[in-house]
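I opened this notebook to look up pairs of charged side chains. The entries follow the order of my look-ups.

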Amino acid sequence: MNYSIGQFSKLIDLSAPTLRYYEKENLLIVHRDKSGRRFYTTDDIAWILFIKKLKDTGMSIKDITKYALLRYQGDSSIAQRLEILEKQKLKANVEKEKWETNLGNLEEKIAIYKSKLQST
């Protein structure tokens with residue numbers, strides 16, 4: 001199925017300007033009809049959802065762009081894409097450890113305050 005930019009935008013919950021930005025940054029190669037209007041396919045849905053997941057991991061647009069360009073090259077780029085994902089996983093694990101430490105600090109302070117409240 002094909003979608004106009006407005007339909008696709010609503011479907012994936014991204015604004016039309018964001019989609020145009022993704023196209024400009026080569027994150028997404030957009031199809032065009034005979035009149036030159038953009039259209040998106042069901043395959044584009046999965047790709048955009050994956051881009052959103054990469055962004056959620058904290059991956060930079062620069063790295064997502066590298067990944068996207070490799071993706072469009074096909075299976076010959078699997079090793080390079082794997083390397084990008086593995087590097088991002090390491091970065092995400094570092095951030096996870098920081099958050100776990102920060103949450104532990106909060107839990108300690110909360111426990112101190114609760115203890116003080118109970119003893120009064």
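I took a salt bridge to be a side-chain nitrogen of Lys or Arg within 4 Å of a carboxyl oxygen of Asp or Glu. The model is predicted, so I kept to its cut-offs: local features need pLDDT of at least 70, side-chain atom pairs count only at pLDDT 80 or more, and totals for chains, interfaces and linings use all residues. Residues are numbered from 1 along each chain as its sequence is written, and side-chain values use heavy atoms, with hydrogens and water left out.

Entry one. I searched the whole structure and found eight salt bridges.

Entry two. I looked up R32 and found it paired with E23 in a salt bridge, with 2.9 Å between the closest N and O atoms. For burial I used relative accessible area (buried under 20%, exposed over 50%, partly exposed in between; 1.4 Å probe, protein chains only). E23 is buried at 17%, while R32 is partly exposed at 40%.

I looked up K87, which forms a salt bridge with E83; their closest N and O atoms are 3.3 Å apart. Both lie in helix 5 (residues 78-119), four residues apart, or about one helical turn. A helix here is a DSSP run of H or I, at least four residues, numbered from the N terminus. K87 is partly exposed at 48%, and E83 is partly exposed at 43%.

I looked up E95, which has a salt bridge to K98 with the closest N and O atoms 3.3 Å apart. These two are three residues apart in helix 5, about one turn. E95 is partly exposed at 39%, as is K98 at 45%.
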